[in-house]
Amino acid sequence: MTDFDVRYREYLTQFEAYLEEYVDKLQTKPAVLGESMRYSLQSGGKRIRPVLMLACAEVLGVPAEEVLPFALALEMIHTYSLVHDDLPAMDNDDFRRGKPSNHKQFGEANAILAGDALLNEAYAICFAQCMKGEKYALASSFLNECAGMHGMIVGQSADLYFSESDGDVSAEDLFYIYEHKTGKLLLAPVAIASILAGNKYYLPFESFGKLLGRLFQMTDDILDVTASSETLGKTAGKDEKENKLTCVKVYGLESAMVRADMCARDCYGVLEGIDGDVSFLHDLVDYVLHRAN
């Protein structure tokens with residue numbers, strides 16, 4: 001096991017313990033709402049967003065307990081987006097992380113409500129943090145912006161719009177989707193850690209978060225073509241079938257892979273301008289570039 005693997009597991013274990021505390025207290029009437037929330041929250045996954053937030057906080061000297069509530073809120077927002085994304089009206093996928101999607105397990109109506117509940121719980125966590133002072137309020141506001149109509153949601157809207165369009169598309173359209181649909185929720189953990197550190201290294205961290213978000217979506221597009229459904233834990237080959245605007249569609253597979261390598265190098269370049277131990281973040285870029293799912 002590499003040093004990166006060890007540190008990733010440490011961050012992951014720290015977050016999972018915090019998540020478990022929340023889940024243990026989660027009770028709803030009827031119980032099916034809480035069950036469907038737990039089902040998706042605890043379905044595994046890489047947890048790259050909370051891990052990234054904890055790693056950035058450590059670089060910046062921010063105690064883990066200050067970022068963990070935001071990491072949980074962010075993971076709830078990410079989870080709700082996946083629950084809704086899998087619905088027949090959206091990406092229509094029956095599997096997520098190798099298990100039946102929430103709507104296949106609990107029905108479409110319950111899946112919609114579970115997603116709604118996760119989003120509202122995320123904001124309830126942020127509201128509680130706002131009471132602690134200005135930087136916590138700023139971090140909460142930033143997360144809201146990344147998740148909302150100028151962030152992930154508009155990215156989802158653009159993704160649907162271009163998949164239903166037969167007109168010309170451009171790299172500019174592609175990167176607009178990247179920046180919002182995927183990029184905003186990978187920028188959030190990096191920027192929030194900086195905000196809680198009094199905006200320390202904010203500009204380089206912001207650049208890093210944006211580039212990492214772009215890289216993550218590029219590798220997602222590539223894996224949809226090159227990986228199997230079993231490896232991905234969801235249906236492979238859906239992008240072309242559903243006319244999705246991807247880097248593979250715009251550039252072709254080989255060129256898309258070259259561009260992903262170039263994006264990773266840009267990430268490394270930004271990290272070189274940050275004082276402190278950024279070795280884990282450097283290795284995380286490698287992980288995103290070479291991941292199998």
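In what follows, buried means under 20% relative accessible area, exposed means over 50%, and partly exposed lies in between, with a 1.4 Å probe and protein chains only. The model before you is predicted, so local features need pLDDT of at least 70 and side-chain atom pairs count only at pLDDT 80 or more, while totals for chains, interfaces and linings use all residues. Residues are numbered from 1 along each chain as its sequence is written, and side-chain values use heavy atoms, leaving out hydrogens and water.

I begin with the backbone. Most residues other than glycine have a negative phi, and most peptide bonds are trans. Tyr-201, although not a glycine, has a positive phi of about 55°. Tyr-201 sits in the loop between α9 (171-196) and α10 (202-226); helices here are DSSP runs of H or I, at least four residues in length, numbered from the N terminus. Because its relative accessible area is 25%, Tyr-201 is partly exposed.

Arg-47 is likewise not a glycine, and its phi is positive at about 55°. Its place is the loop between α2 and α3 (48-60). Is Arg-47 buried or exposed? Arg-47 counts as buried, because its relative accessibility is 3%.

I turn next to a peptide bond. The bond from Lys-29 to Pro-30 is cis, with omega near 10°. Pro-30 belongs to the loop between α1 and α2 (31-41).

Finally, I come to helix α1, which spans residues 3-24. Asp-5 is found in this helix. With a relative accessibility of 33%, Asp-5 therefore counts as partly exposed.

Note on methods:
Helix = DSSP H or I, 4+ residues; strand = E, 2+ residues; numbered from the N terminus.
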